[in-house]
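Please prepare a briefing on the structure below.

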Amino acid sequence: MTKVLVATDKPFAKAAVDGIRNIVEGAGFELALLEKYTDVNDLYKAVADVDALIVRSDNVTKEVIDAAKNLKIVVRAGAGYDNLDLEACTARGIVAMNTPGQNSNAVAELAIGMMIYMARTCFTPATGSELIGKKLGIHAYGHVGRLVATKAKAMGMEVWAFDPFVPAEQMKADGITVASTIEELYSNCNYVSLHIPATEQTKKSINFDLLSKMPKGGCLINTARKEVIDEQGMVKLLTERTDLKYCTDIPASNQEELNQFAPRVFASPKKMGAQTAEANLNAGIAAANQIVSFIKDGVTKFKVNK
Ligand code: 3PG
C-alpha cells in the first residue's frame with residue numbers, strides 16, 4: 001500500500017491533519033505522522049518505508065533522501081522550497097513540489113500586522129504614526145507581495161513594487177508604482193516588505209548599502225527568509241542609523257545581538273507567518289491532493305525540480 005508521511009517539526013493544525021488524512025485514506029493510501037521531532041534520526045527512521053512525504057520548513061537533505069528508499073514524491077506544503085535538496089531528489093528520480101499561493105494570505109496579513117506594530121511603537125503608549133499616506137515598497141510581486149499590496153492600498157498606503165520577473169504593465173494595472181531598480185524602491189519607501197525567495201542570487205542581498213538608502217524612519221518587514229539578510233550589515237546599519245526599524249518572524253542567526261536595538265527591532269521567537277488554521281488547511285490539503293494526483297495519474301503540476 002502507498003504510504004504517505006507528514007513530517008512536521010512545526011505541526012499543522014488538527015483540522016489540516018484531518019483533511020490530509022481524509023484525502024490520503026480516501027485514495028486508499030496509508031497515512032503516517034511525525035510531528036515536533038527533535039532528533040533528525042527520527043525523521044530518517046520515519047521516511048524509511050514511505051512513498052510520499054509532506055513537509056513544511058523541515059529540511060529534506062540528501063541524508064533524508066538516502067534514508068527514504070521508496071520515496072517517489074516530496075511536497076513542501078508552502079511556497080519556499082529552499083529546504084528541499086532538489087539535486088538529491090532529481091538524482092533519485094523523486095518529484096519535488098510546492099503548493100504556491102496556499103498559505104499566502106496568512107503571510108500577507110502578518111506583514112500588514114507587523115507594519116502596524118512598528119508604526120504604533122510595539123503597542124506601547126508612546127506616540128506612533130499611521131500607515132495612511134505612507135509609501136510601501138513590495139520587494140517581489142508574487143502571491144504574497146500582491147496580497148500585501150491589495151491590503152496596503154485599502155489602508156491608503158501608496159504602494160510601490162520591484163520585481164524584474166513580473167511585467168511592469170501587470171503591476172501598473174494593479175495600481176502599483178513600479179520601481180525600475182531595487183535602489184529606487186528602497187530610497188523611496190517608508191516601509192519595505194520582503195517577499196523574495198532564498199536563492200544563491202538573493203542570499204545576503206539585503207545589505208548595508210541597500211538598506212542605507214531608506215528614508216528617515218524607514219522600516220523593513222521580513223516575512224520571507226532570514227538568509228536574504230546580510231546579518232552583520234544589519235547590525236552596522238542599526239548602529240549607524242538610529243532611526244531605522246526591522247521587524248521579522250524569522251529570528252536571525254545573530255538575533256541576540258540584534259535584540260540590543262529593541263524596540264526598533266522585533267523578531268517573533270519562531271517562524272509563524274503561515275501559522276494559521278486556514279493556511280495549514282489550504283497548504284496541507286493541496287499537498288495531499290497533489291500526491292494523490294501524482295501517484296494515481298502521474299500529474300506533475302507544481303513540480304519544482306528538473
Ligand atoms: C512558506 O515558504 O510557505 C512559508 O515560509 C511558510 O513556511 P512554514 O510552513 O514553515 O510555516
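Lys36 counts as exposed at 61% relative accessibility, where exposed means over 50% relative accessible area, buried means under 20% and partly exposed lies in between (1.4 Å probe, protein chains only). Its place is in the loop between β2 (30-35) and α2 (40-47); helices (H or I, at least four residues) and strands (E, at least two) are DSSP runs, numbered from the N terminus. This is a predicted model in which local features need pLDDT of at least 70 and side-chain atom pairs count only at pLDDT 80 or more, while totals for chains, interfaces and linings use all residues. Residues are numbered from 1 along each chain as its sequence is written, and side-chain values use heavy atoms, with hydrogens and water left out.

**Backbone geometry**

- Most residues other than glycine have a negative phi, and most peptide bonds are trans.
- Lys36 is not a glycine, yet its phi is positive, at about 50°.
- Lys204, also a residue other than glycine, has a positive phi near 60°.
- Lys204 lies in the loop between β9 (191-194) and α9 (208-211) and is exposed, with a relative accessible area of 54%.
- The peptide bond from Ala262 to Pro263 is cis, with omega near 5°.
- Pro263 is placed in the loop between α11 (255-258) and β12 (265-267).

**Ligand site**

- Which residues surround the ligand? They are Lys10, Arg56, Ser57, Arg76, Gly78, Ala79, Gly80, Asn103, Arg225, Lys271 and Ala274, each with a heavy atom within 4 Å of the ligand.
- By class, this shell has five charged, four polar and two nonpolar residues; Ala, Val, Leu, Ile, Met, Phe, Trp, Tyr, Cys and Pro count as nonpolar, Asp, Glu, Lys and Arg as charged, and the others, Gly among them, as polar.
- A polar side-chain atom of Lys10 lies 2.8 Å from an oxygen atom of the ligand.
- For Ala79, a backbone N or O atom is 2.6 Å from an oxygen atom of the ligand.
- A polar backbone atom of Gly80 is 2.8 Å from an oxygen atom of the ligand.
- Of the 320 Å² of accessible area that the ligand has on its own, the protein covers 94%; accessible areas come from the Shrake-Rupley method with a 1.4 Å probe, and for residues only the protein chains shown count as cover.

**Arg225**

- Arg225, one of the residues around the ligand, sits in the loop between β10 (219-222) and α10 (231-240).
- Arg225 is buried, because its relative accessible area is 13%.
- The side chain of Arg225 makes a polar contact with the side chain of Asp82, at 3.1 Å; a polar contact is a pair of N or O atoms within 3.5 Å, and within protein one must be able to donate a hydrogen and the other to accept it, with residues adjacent in sequence counting only if both atoms are side-chain atoms.
- Not counting residues up to four places away in sequence, Arg225 touches Arg76, Gly80, Asp82, Ala198, Ile250 and Lys271, contact meaning heavy atoms within 4.5 Å.

**Domains**

- The protein chain is assigned domain 1 (3-102 + 276-297) and domain 2 (104-267); the bounds come from an automatic or database domain assignment.
- The centres of domain 1 and domain 2, taken over C-alpha atoms, are separated by 31 Å.
- Eight residues of domain 1 are in contact with five residues of domain 2.

**Other loop and strand positions**

- Glu200 lies in the loop between β9 and α9 and counts as exposed, at 64% relative accessibility.
- The side chains of Glu200 and Lys203 are joined by a polar contact of 3.4 Å.
- Glu200 and Val228 are 28 residues apart in sequence, and their C-alpha atoms are 9.4 Å apart in space.
- Ser180, in the loop between β8 (177-178) and α8 (182-188), is exposed, with a relative accessible area of 59%.
- From Ser180 to Asn305, 125 residues apart along the chain, the C-alpha separation is 30 Å.
- Leaving aside neighbours within four places in sequence, Leu31 is in contact with Val4, Val6, Ile20, Arg21, Val24 and Glu25.
- Leu31 and Ala88 are 57 residues apart in sequence and 24 Å apart in space, C-alpha to C-alpha.
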